[in-house]
Amino acid sequence: DTKIFKKRSVELNELLIENKVYGIHMFYGSLWGVGAGYVLPVLIGFFNINNVEVGNFSLASSFIIFFTFLPSIVGTSYFKEFIHLNKIPADAFKKVIFSCALLLIATFLGIDFVIKLFLGAKFHEVGFLVKIGAGAAILHGFGDFTNKFLSAKGKSSYIKKVAMTVGIVQLV
């Protein structure tokens with residue numbers, strides 16, 4: 001039954017109030033955090049003479065996207081606990097930092113070999129871009145990890161700030 005959206009029901013008023021309090025912050029934060037990732041290839045193409053760099057960047061992005069997942073997955077697994085906790089537990093941070101450090105070290109040691117093996121020597125620049133982007137992607141993942149805690153607490157204005165910071169880090 002769609003009575004909720006007819007005229008000004010109690011449910012619609014609650015929805016509008018929640019959107020005012022939480023939704024607008026989430027919208028602006030997402031605009032910065034997600035939008036920066038989509039504007040990067042355009043900026044690279046705009047500021048370079050040829051579009052080879054756009055291709056290399058897009059290929060490197062395919063490799064580094066997985067670095068954002070690890071901290072975000074840990075944040076998701078702790079979400080129920082975050083609802084009842086006043087701060088993020090130290091062991092959650094330790095797990096994320098340790099696993100991300102191992103992944104980063106493995107990437108720095110092995111990405112050039114993987115690029116040469118699967119793509120050939122002419123794509124050696126992609127390995128360099130992955131090394132640079134891996135750290136930024138991990139920071140992005142930490143932003144997602146932090147946002148899980150903030151979401152559990154209903155702190156949308158802080159989520160906006162974290163998402164905007166993520167977007168700025170991506171642009172840098």
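Q: Among contacts in the chain between residues at least 6 apart in sequence, what percentage join residues at least 24 apart?
A: The model is a predicted one. In the chain, 72% of the contacts between residues at least 6 apart in sequence link residues at least 24 apart.

Q: Which secondary structure elements does the chain have?
A: The chain has 6 helices and 0 strands, and from the N terminus the order of elements is α-α-α-α-α-α.

Q: How does the radius of gyration of the chain compare with that of a compact globule of 172 residues?
A: The chain has a radius of gyration of 20 Å, whereas a compact globule of 172 residues would have one near 16 Å. Along the principal axes, the C-alpha atoms fill a box of roughly 65 × 40 × 30 Å.

Q: Which residues of the largest nonpolar core touch the most other members?
A: A nonpolar core is built from buried residues, with side-chain atoms within 4.5 Å. Here the largest core has 25 residues, and Phe67, Phe82, Ile88, Val96, Val130 and Phe145 touch the most other members. Helix 5 gives the most to this core, with 10 residues. Beyond its neighbours within four places in sequence, Val96 is in contact with Pro71, Val74, Phe142 and Phe145.

Q: Is valine 42 buried or exposed?
A: A residue is called exposed when its relative accessible area is over 50%. Valine 42 has 55%, so it is exposed. This residue lies in helix 1 and belongs to a nonpolar surface patch that also includes Trp32, Phe46 and Ile168, with about 940 Å² of accessible area together for the whole patch. Helix 1 provides the largest share of the patch, 6 residues.

Note on methods. Residues are numbered from 1 along each chain as its sequence is written. This is a predicted model: local features need pLDDT of at least 70, side-chain atom pairs count only at pLDDT 80 or more; totals for chains, interfaces and linings use all residues. Side-chain values use heavy atoms; hydrogens and water are left out. Patches are made of residues with over 30% relative accessible area and no salt bridge: like charges are joined within 9 Å, nonpolar side chains (Val, Leu, Ile, Met, Phe, Trp, Tyr) within 5 Å. Accessible areas come from the Shrake-Rupley method with a 1.4 Å probe; for residues, only the protein chains shown count as cover. A salt bridge is a side-chain nitrogen of Lys or Arg within 4 Å of a carboxyl oxygen of Asp or Glu. Helices (H or I, at least four residues) and strands (E, at least two) are DSSP runs, numbered from the N terminus. Buried means under 20% relative accessible area, exposed over 50%, partly exposed in between (1.4 Å probe, protein chains only). Contact means heavy atoms within 4.5 Å. The radius of gyration is taken over C-alpha atoms; the globule rule is 2.2 Å times the number of residues to the power 0.38.
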